[in-house]
Amino acid sequence: TQSTWGLCQHTTANLKTIFPSTTGAAIPMFSCGAAAAVHGQVLWDVFEPIQGKLTPFRLSPTSFAQGMEVFPTHLPSWRSTTDRVVRVVSPFACQEGYNAWENAGIPPDCLFRTKEGVEGFHDSLRTLQAVLGTLEAPSVTFYYHNIVDSLAHRHGMEHPSVGEVLRELNRFLPQLVSKECMFVMTADHGHRTTAFAVPPPGPVQDRELLALITAHAGEDRIVTFQVVDANRTRFETLFRSRYGHRAVLLTTDQVEALRLFGPQPLHWKARRALGDYMALAVDQEALNPIHTGMHGGLSAAEMEIPLVLF
């Protein structure tokens, strides 16, 4: 639109993000250059061995010390590609498992933590402008704020508040343009909005189905399951009879054969994190209704992201 002509003018391509179309999988890829099959953070909620039992595990600030065990130890970092890396990130990015590892290796004077929310977004842009004004030696600056994602989750992508944030970013861009800098801007995923004021119940609300499993994890559009061996046939039959029109149910072996998480085989930690089965939504709705706006699936709305260069 006219109000975001700068972003539109400099959009050079429409890309597809990696699967799953989530922050937890995509942001580590920016840092290490590897898909989720390799870097191991396949979802926010994963299965981890706790006290000898695979248990749903949320990567969060309080669990970060344990969360480090999710990641393979051989992953590269863009810290090895340049002498100076500066990060301007929101608290959400600071707490995310792999980014927390990245942040731990950044000198304190090169790490700028901004606030959440709309005011935090405005402050983060001013911080970015100030940081870029002080850099002298060749460097890489990583900027991330989750305001668009946060508003879209709460209200849906079509809400006026989302458009206003994008217009603010567009207004601010000319103040950042410099002959000494190259800007590469993209997103970690797309979004789609539920069509229901009250979303239809999904498999995680199905008591008969839940009686056949030991645990479930995942997000709006993807749910993973640990299932007792003796219950697997019954679980598959019941799931497909009730939710086959809304989702595809795959074993972890099938997920690996399809290479959904990247061209490489699943690292054993990534495989463990997925459990026994993965259900992937194929219609417009969530399997585990949490947000108004959602992502994680393979639809164009969730997978397509822009590449903006200026």
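**Group meeting: a sheet, a ring pair and an aspartate**

Strand β4, residues 85-89, pairs with β5 in the parallel sense, over three bridges. One of the residues to look at here is V88, whose bridge partner in β5 is F112. A word on the source: this is a predicted model.

Now the rest of that sheet. It is open, it has three strands, and the order is β5-β4-β6. The pairing is parallel. What stands at the edges? That would be β5, residues 111-113, and β6, residues 140-144. Each has a single partner strand, so one side of each is left without a neighbour in the sheet. On average, neighbouring strands are turned by 5° against each other, direction ignored.

Which strands does helix α7 touch? Helix α7 covers residues 117-134 and packs on the sheet, where β4, β5 and β6 are touched. The direction of α7 makes about 175° with that of β6.

Next, the aromatics. How many aromatic pairs does the structure hold? Seven. I will take two.

Pair one is F183 with F310. The ring centres are 4.8 Å apart and the planes sit at 5°. The cut-off for stacked is under 30 degrees. So this pair is stacked.

In sequence, F183 and F310 are 127 residues apart; in space, C-alpha to C-alpha, the separation is 5.3 Å.

Buried or exposed, F183 and F310? Both are buried. For F183, the relative accessibility is 13%, and buried means under 20%, so F183 counts as buried. What else does F183 touch, not counting residues up to four places away in sequence? The list is L132, L176, V177, S178, V308, L309 and F310.

Pair two is F235 with F239. Here the ring centres are 6.1 Å apart, with the planes at 40°, so the pair is tilted. Both residues lie in helix α11, residues 232-243. They are four residues apart, about one turn of the helix. F235 is buried, at a relative accessible area of 0%. F239 also has 0% relative accessibility, so it counts as buried.

This second pair belongs to a cluster. F225, F235, F239, Y243 and Y277 form one aromatic cluster.

Last stop: D206. This residue is in the loop between β8, residues 192-193, and α10, residues 207-210. Its relative accessibility is 8%, so D206 counts as buried.

What does the D206 side chain meet? A polar contact of 2.7 Å joins it to the side chain of Y243. That is the Y243 of the aromatic cluster. A polar atom of the D206 side chain also lies 3.1 Å from the backbone nitrogen of L209. Leaving aside neighbours within four places in sequence, D206 is in contact with R242 and Y243.

To recap. The β5-β4-β6 sheet is open and parallel, and α7 packs on it. F183 and F310 are stacked and buried. F235 and F239 are tilted and part of one aromatic cluster.

Definitions and conventions: Residues are numbered from 1 along each chain as its sequence is written. This is a predicted model: local features need pLDDT of at least 70, side-chain atom pairs count only at pLDDT 80 or more; totals for chains, interfaces and linings use all residues. Side-chain values use heavy atoms; hydrogens and water are left out. Rings of Phe, Tyr and Trp (its six-membered ring) pair if their centres lie within 6.5 Å; planes under 30 degrees apart count as stacked, over 60 as edge-to-face and the rest as tilted. Buried means under 20% relative accessible area, exposed over 50%, partly exposed in between (1.4 Å probe, protein chains only). Helices (H or I, at least four residues) and strands (E, at least two) are DSSP runs, numbered from the N terminus. A polar contact is a pair of N or O atoms within 3.5 Å; within protein, one must be able to donate a hydrogen and the other to accept it, and residues adjacent in sequence count only if both atoms are side-chain atoms. Contact means heavy atoms within 4.5 Å. Two strands pair if DSSP finds at least two bridges between them. Axes are lines fitted to C-alpha atoms, for helices over the stretch in contact, and angles run from 0 to 180 degrees between N-to-C directions.
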